[in-house]
Each structure stands twice: as structure tokens, then as C-alpha cells.
Amino acid sequence: MNNSAADQDRVGSRRIKGIAAAPGLASGEAYIWRKFTLQVPRYATNSPSGEVDRLNLATGQARQEIMQIQARVAREAGESEAAVFEAHAMFLDDPALLELTLEAIGGGLNAEAAWMGAIEHYAQELEQIDDETLRARAVDVRDVGQRVVRRLMNITETPTPHLDAPVILVARDLEPSQTASLDKSLVLAFCTAEGGPTSHTAILAKSMGLPAVVGLGEEILSLASGTALLVDGATGMIIVEPTPSEIESFMLASQTARQEAEAELAQAHQPARTTDGKTIEIAANIGSPEDAQRAVDLGAEGVGLLRTEFLYLDRETPPSEDEQFEIYRQILDRMGERPVVVRTLDVGGDKPPRYMDLGQEANPFLGWRAIRVCLENPEFFKVQLRALLRASLGHHLRIMFPMIAVTDEVRQARRLLDLARQELAGQGAELANDIQVGIMVEIPSVAWMADQFAGLVDFFSIGTNDLTQYTFAAERTNEKVAHLNDAIHPAILREVKSVVEAGHKAGIWTGICGELAGDPNAVPILLGLEVDELSMAPASIPHAKAIVRRWSKADAARLANEALNLDSAASVRALVKNA
Amino acid sequence: MKNKIMIITNEVGLHARPAALFVKTASRFKSKIQARNLTNGKSWANAKSIINILALGVSKDNQVEVQAEGEDEDQAIQALDDLVNSDFNQ
């Protein structure tokens, strides 16, 4: 019997390997979301001047849109990236393009068809050129063309698919603007042809607790909507048209995972106690009042990191003291008796607030940001400090300063905090009197001088995300070097050990608030390194506590010691997996 | 009518930013302004059209002939020459 490829396809399933973006298992039908192609209407009109008016209105609107996008890109990525939109805006004014369009309109054609005809003409002219950069401009010309036609036809940006039933969403890539209006309750998982572990798809999926696999390649886009898929977000594997037995084992695995998650959730409100009776505090990283509720629901014993940037971004003016006070109060109230560590403003040139000029830096992550900006703008900084102090009454507030590099910064910051306290005392405000003051440990200099810093603060919180990028001089978002950025590498573990030891020697506690704290492979090691608190995304809390309960402090310490003597992140993971 | 031959020394030739500056400068003047690429033989293009200028495919060290016709043709040529010579202010 001949087994042609077609026969095999009908008989068996197909596996496609992508990049794991968000863990979880999903089984369902694919919904292929292809980029929307416009159907440009074409008809005769007997009112050329009317068509010219329509065109002018549409190009005016398109110009505004482009300027807005340019401004946003300039903020998020920099001026040179935003410059391409200037070219787009210039296309709108191009006399050659306009001339061709007006000619067609004069001949009785509707604005949409006349315009697109001219756009196509010039796009093709650019495509004929032997120069790759210029051929790429053809894409820009068509993009501008489509923008104007959408305005003429009154169509809003990239329409969202209308979902009737739960599906596995399959697309080339997903942008924030695309997923914003999606009915997420009907999405079972995300699969994209492009993208990496830090793309928007991964971030969105993780925050929703849905599985996601990215970088699957072109072929998934040629699947038909309705195709049965199995998605394993932890391994990055998908199965197309699974066989009955594959579905069965998948369902079994899903069920087991679900049952484990339910069991863990049931125990989430108990402390994380090892088999030999030691406890480690498990707290939550949050960035909003809603997160605070979620943290409580999932068993957080405190907040190890309240990011305060949400108060400052996406608005035209800085938040007032009263505005901030209200929000801090809300969050502290929701957390009740649980300690809350608030990180003071941590913004920089990569994503500056609209009302702050943080300049153009070649390297905003090595530049003027966070505490550096705040110390140079004491009046601005004290607004946040006063709001925090006022909100502190009746709660266990802890304040920590980000991006500290040298001891002088700690002294300056504490001085400003004292000034703020005095200002409030002068107004007769009542504040808590047990507010702890600490620092983020994310710059390697602090790890090296931890003994000296320990005398200046009440606690350390290690920001392993940034500590890792500064230690290995490699960014997570740069695909070429991301493999170097792994927080479980012994180099980072040694820094952690150093900091914890210096802290304990001075009688202060050390927590970890980077993603490493919630990494199941890292939890036993961090436990063994005598870290006092692990603060993580709320969703990770139940599982982290379950892991702690499976270990004894003694065994964890042995594991940690072994890990410290390895020489790669991969070997550390292997060590933990085989433990 | 006034003509001038200019050599584009900019790294990216007349693409992207330089092209935009070239077109913006030309657009300031009333004269009809055209440019052609002597190096690759591409013929006269409207210097006020960004798409036309891009389509000239001017790379680094290409020779471009600029022609201006109108009441301010001298100023136009001068302005464009200055721009090219200052390496587009870069």
C-alpha cells in the first residue's frame, strides 16, 4: 500500500514546534486571524469636486493619525524609529501622488479607487528598483494608502474578529491594539507564527493565565479555521488534527494539571512551611488595586513589590498628592494587616511620562531614570513620599528605592523622606511609626557593597530581572543575546547569597521581587539560600507554596550549594529537575 | 532655467531622512524643480515629490543633476546645493 503524504495527513496528526510563551494546556478549534484586506469600492461619480472634498478630509484625518502614532513610537522606541512616520506623512503631501489621483477623480472615478490607483502605481514603481531599502518603502506607501482609504470608508483600525465560541486564536503576531477589543473570555490559547518569549502575545497570555506558543512559522497560517489543535504552552508544542489517543492523553494531562492547581489553590492561604518547620514569606508583585485583590485571593502574605508607575503613565499631568494618597490607601486597605512594599517611581527614557522630559539617551537603561530622576527633582519626589506617608496609618507600609547604585543615594533619599515626614508633621498629619525603608538590589555594585548598604536600610529586595541584565550585560528583549540573560545562572545566585548573608549579619531581611522568585526551578534554591521573602505574580503563589512544602530547609541548602558551583543556567535547571 | 550637478555624499544616499529634507527644501520654492540621477540614468523626477525622489534610487556618491525653473530658481538651486554640501545637517 502506498503511503503518500496526503494519506499520512489524513490518517495521522502533525506536530509543530514553536517557542513556549505561556504555560498551560488547551484543546480546541483554531480560529485563523488573517490580516484584513480591504475591498476598495470602484464606481463612477458625477461629482468630482465632492470626491476631492472627501479625499481632503480623509487625508487630513490620516495625517492626524500618523502624527499620533509617530508621537507614541517616539515615546516608546525613540526618535529615529518614529522618523519613518514622518515619511508616511510626507507621502500624503506628495504632489505626484495627488496629481495622479486628481486626474482619475476628474475622469469621474470615486476617491477610493482613484487614490488607491495612484498608490499602487507608485508602490509598483518603487518595487521595480534594485534597492532593497526602496522596495521596502513600497510597503510604506501602501500602508499610507490603506490608511486614507479606511478613512474614506469610515472603517476603524484593524477590525477585531467576532468570536462566537471558545477558540484557539492563531495569527501572524498579536499587537496590543489588536487584542484590546478582543472578547478574551472566548480565547482558549494563543498561537502565533512569529514572535518570541517576550512579545506581547506572551505577556498577554501570562497575565490571562492562558497557554501561548509563538514562533510557529508560516505554516500555521495556512491551516483552516476550525482545525482541531492541542496546545502545550510549557513545551511550545502544538498538535494539528490530533488522533483520538493523543487527545485522550492530553485530556488526562490537562485534568491532572487542573486538579493539582485546585489542590494548590485550596492550600494557598496556609503559610509556606518546609518539612522541617521553616517558613518563607510568599508575597505578590502588583501594579494596581485590582491586582491587590487577586493577590489576597491567591494566598499572598503581603505585597513584596507595588509598582507605582501606573499612577504616572498614560496621562498628561503628574498625579497629585491626594490622587496618589487615595490609591495607596485603597491598596493598603485591601491588604489589611499584610505588609506592603511600595517601590518609588521607576521610569526612564524608554517609556517616559508625557509631562517629563527625560531626554534622548542612547541607552535609557543605563541612564537617567528612577531614583536618579527623583533625587534631582526633590519637590516632585516628595509628592509621592508624602502621599505614601499619609496612607501608612494603620498599615504595615514599607518603602523602597529603585536603581540604587551608591550609598550616597540612599542617604539622600532617606533625607528627603525625613523632610516629607516633617512637612506632614507640621500639618498635624498622623503617620505610622514603623515604616520600614529599603532598597532594590538590581545594580551589581550594591551586591558587592551589600555590607555597607545593610547599615543604611531596613531590608533589601533583589530585583533579579534587572540585576541579571546588568550582570550579564544582555537584554531579555534582544533575540541575539537573550540566551545570556538567565536569572537562575550561578552568577546571580552567588549575588543573592552575598546579599542575603550581608543582610542577616546586619539583622535585616532580604526578599526577591524579580521573576526568579516565582520560577518553580528557583524556589528550592532560593529557599536554600535563606532568602526571607519571595514576591511574585499572584498566579504563581499557590504553586510556589506547594513547592516549599515538598522540601526540607536542609535539603534545599544542599541543593543551593551544589547550584552555586555549577557554571551555567542550564545545568542549574537540570540539577533542580533531577533533585 | 538653472542647473547644477551635485554629488550626494551622505551614507544612505537620498533615502529616508535626507530625501525628506531634500523634498522639504525644494517645496519651499515656487520654481518647478526637477532632479535626475546621472549615475544610474534615471530620468527627470519632480523634486517636490518624495516618492519621485525615492524612486530615483540615489545612493552614496551618485551624481544628481538638479534643474530649477522659475522666479526663485537661483535661490532654489543654492538652497539644495547648501543642503547637499552640509551633508544634510548630519
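In the predicted model, Asp61(B) sits in the loop between helix H2 (50–55) and strand S4 (63–69) of chain B. The residue is partly exposed, with a relative accessible area of 48%. Its phi is near 70 degrees, a positive value in a residue other than glycine. Most residues other than glycine have a negative phi.

Ala370(A) belongs to helix H12 (residues 370–376) of chain A. Ala370(A) is buried, and its relative accessible area is 1%.

Confidence in chain A was examined next. The average pLDDT of chain A is 89. A score of at least 70 is reached by 92% of the residues. Residues 1–10 of chain A stay under 50 in pLDDT. For this stretch the model has 3 contacts beyond four places in sequence.

Of its 579 residues, 50% count as buried. Contacts between residues at least 6 apart in sequence were also sorted by separation. In chain A, 67% of them join residues at least 24 apart.

One buried residue illustrates such contacts. Phe401(A) lies in strand S13 (residues 397–401) of chain A. Its relative accessible area is 0%, so Phe401(A) counts as buried, the cut-off being under 20%. Leaving out residues up to four places away in sequence, Phe401(A) touches Thr344(A), Ile371(A), Phe381(A), Leu385(A), Ala413(A), Arg414(A), Val437(A), Gly438(A), Ile439(A) and Met440(A). Ser461(A) is 60 residues from Phe401(A) along the chain. The C-alpha atoms of Phe401(A) and Ser461(A) are separated by 9.6 Å.

Two helix pairs of chain A were then compared. Helix H13 (residues 378–391) and helix H14 (residues 407–426) of chain A pack at an angle of about 60 degrees. Their axes are 9 Å apart. H13(A) and H14(A) are therefore oblique to each other. Their crossing is right-handed. On the H13(A) side, the contact uses Pro378(A), Phe381(A), Lys382(A), Leu385(A), Arg386(A), Leu389(A) and Arg390(A). These meet Leu416(A), Leu417(A), Leu419(A), Ala420(A), Arg421(A), Glu423(A) and Leu424(A) of H14(A). The residues of this contact divide into 9 nonpolar, no polar and 5 charged. Phe381(A) and Leu385(A), listed for H13(A), are also among the residues that Phe401(A) touches.

The other pair is helix H21 (residues 553–564) and helix H22 (residues 569–577) of chain A, which pack at about 155 degrees with their axes 10 Å apart. That angle makes H21(A) roughly antiparallel to H22(A). The crossing of H21(A) and H22(A) is right-handed. H21(A) contributes Leu559(A), Glu562(A) and Ala563(A) to the contact, and H22(A) contributes Val572(A), Leu575(A) and Val576(A). Here the residues divide into 5 nonpolar, no polar and 1 charged. An α-helix has 3.6 residues a turn, so residues three or four places apart point the same way.

Helix H20 (residues 541–549) of chain A was examined for burial. Of its 9 residues, 7 are buried, so H20(A) is largely enclosed by the rest of the structure. The buried residues are Ile541(A), Pro542(A), Ala544(A), Lys545(A), Ala546(A), Ile547(A) and Val548(A). Their cover includes helix H9 (244–266) and helix H19 (523–528) of chain A.

Conventions. Residues numbered from 1 in each chain as written. Chains lettered and ligands numbered in written order. Predicted model: local features only at pLDDT ≥ 70, side-chain atom pairs only at ≥ 80, totals over all residues. Heavy atoms only, no water. Buried < 20%, exposed > 50% of the residue type's maximum accessible area, 1.4 Å probe, protein only. Helix = DSSP H or I, 4+ residues; strand = E, 2+ residues; numbered from the N terminus. Contact = heavy atoms within 4.5 Å. pLDDT = per-residue confidence, 0-100. Axes fitted to C-alpha atoms, helices over the stretch in contact; angles between N-to-C directions. Parallel < 35°, antiparallel > 145°, perpendicular 65-115°, else oblique. Left-handed = near helix turned anticlockwise from the far one by under 90°. Nonpolar A, V, L, I, M, F, W, Y, C, P; charged D, E, K, R; others polar.
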